[in-house]
Amino acid sequence: MTLHVYYYLCLLRQFLRVTKQYLPHIARLCLISTFLEDGIRMWFQWSDQKEYIETTWGCGFFLATLFVLINLLGQLGGCILILSRNFVQYACFGLFGIIALQTVAYSILWDPKFLMRNLALGGGLLLLLAESRSEGRSMFAGVPTMRESSPKQYMQLGGRVLLVLMFMTLLHFDTSFLSILQNLVGTALIVLVAVGFKTKLAALTLVIWLLAINVYFNAFWTIPAYKPMHDFLKYDFFQTTSVIGGLLLVVALGPGGVSMDEKKKEW
């Protein structure tokens, strides 16, 4: 068993060395995938989305149309800016606003499962914000700060903690051996990422686990497009892919200064 773990760790380290150059690009693409998909869906389901908001909130034609337009332009525009590496911080703040807007508009605030997933998505954006600071393109350049790296470190900490909320929605509270084992292993990995201990290896293991769960349980391509379950699984699939992107950013950037891995270097 110990030998198998050793080989696994060696494979993970080899993977990190080989993909170091490409990983941030893959991470960013995964992270914005849910916004990209939702923006495109707003375009193709314009009437349905507008009618839903108008009916649910009784806000009238103008406000319902404005809501759909903001979501469409805000998400697609933010994705383009992030992928092109232009005004990334403004794009992240814009996408934070979209998350908040949708949380209220679709009553996600009262659904713990979807709320935790939205918070996890916000954690991924925090990590993206931290990455953009590391490139030295702060929108507050020239303004005196106590220490330039501190905001980035706390963004990475907040991003890590929020990301693990996704896994809280995957825990199964039953007494079968497989569920108990999955919960124990998953919880251990979650704690490691949150406190920043063996962070890259723990985050990459969570990526593999979450990728397998996502492909198996959210296979929307197996459901006919006219069935409501198709859209539901598609939404889940891309949200999970975005959290995978956030975890890949943890793998690429490391845990940051507020972590056990960083403190070990000082010891």
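I began with α10, which has 19 residues. From first C-alpha to last, α10 reaches 26 Å, close to the 27 Å expected at 1.5 Å a residue. I note that this is a predicted model.

Next I looked up which residues of α10 are buried. The list includes T199, L201, W209, L210, I213 and N214. It also has a run from A202 through A203, L204, T205 and L206 to V207. I kept a general point beside this entry. An α-helix has 3.6 residues a turn, so residues three or four places apart point the same way.

Then I turned to aromatic rings. How many aromatic pairs does a search of the whole structure find? It finds 13.

I picked out the pair of F220 and F238. Their ring centres are 6.0 Å apart, with 40° between the planes, and the pair is tilted. Where do the two residues lie? F220 is in the loop between α10 (199–217) and α11 (228–253), while F238 is in helix α11. The pair therefore ties together parts that are 18 residues apart in sequence.

Buried or exposed, I asked of F220 and F238? Both are buried. For F238 the relative accessibility is 18%, so F238 counts as buried, because the cut-off is under 20%.

F238 has another partner, F237. This pair is edge-to-face, at 5.3 Å centre to centre and 85° between the planes. F237 counts as buried too, at 15% relative accessibility.

My last entry is the cluster. Ring pairs link F220, W221, F237 and F238.

How values were computed. Residues are numbered from 1 along each chain as its sequence is written. This is a predicted model: local features need pLDDT of at least 70, side-chain atom pairs count only at pLDDT 80 or more; totals for chains, interfaces and linings use all residues. Side-chain values use heavy atoms; hydrogens and water are left out. Rings of Phe, Tyr and Trp (its six-membered ring) pair if their centres lie within 6.5 Å; planes under 30 degrees apart count as stacked, over 60 as edge-to-face and the rest as tilted. Helices (H or I, at least four residues) and strands (E, at least two) are DSSP runs, numbered from the N terminus. Buried means under 20% relative accessible area, exposed over 50%, partly exposed in between (1.4 Å probe, protein chains only). The expected span of a helix is 1.5 Å times one less than its number of residues.
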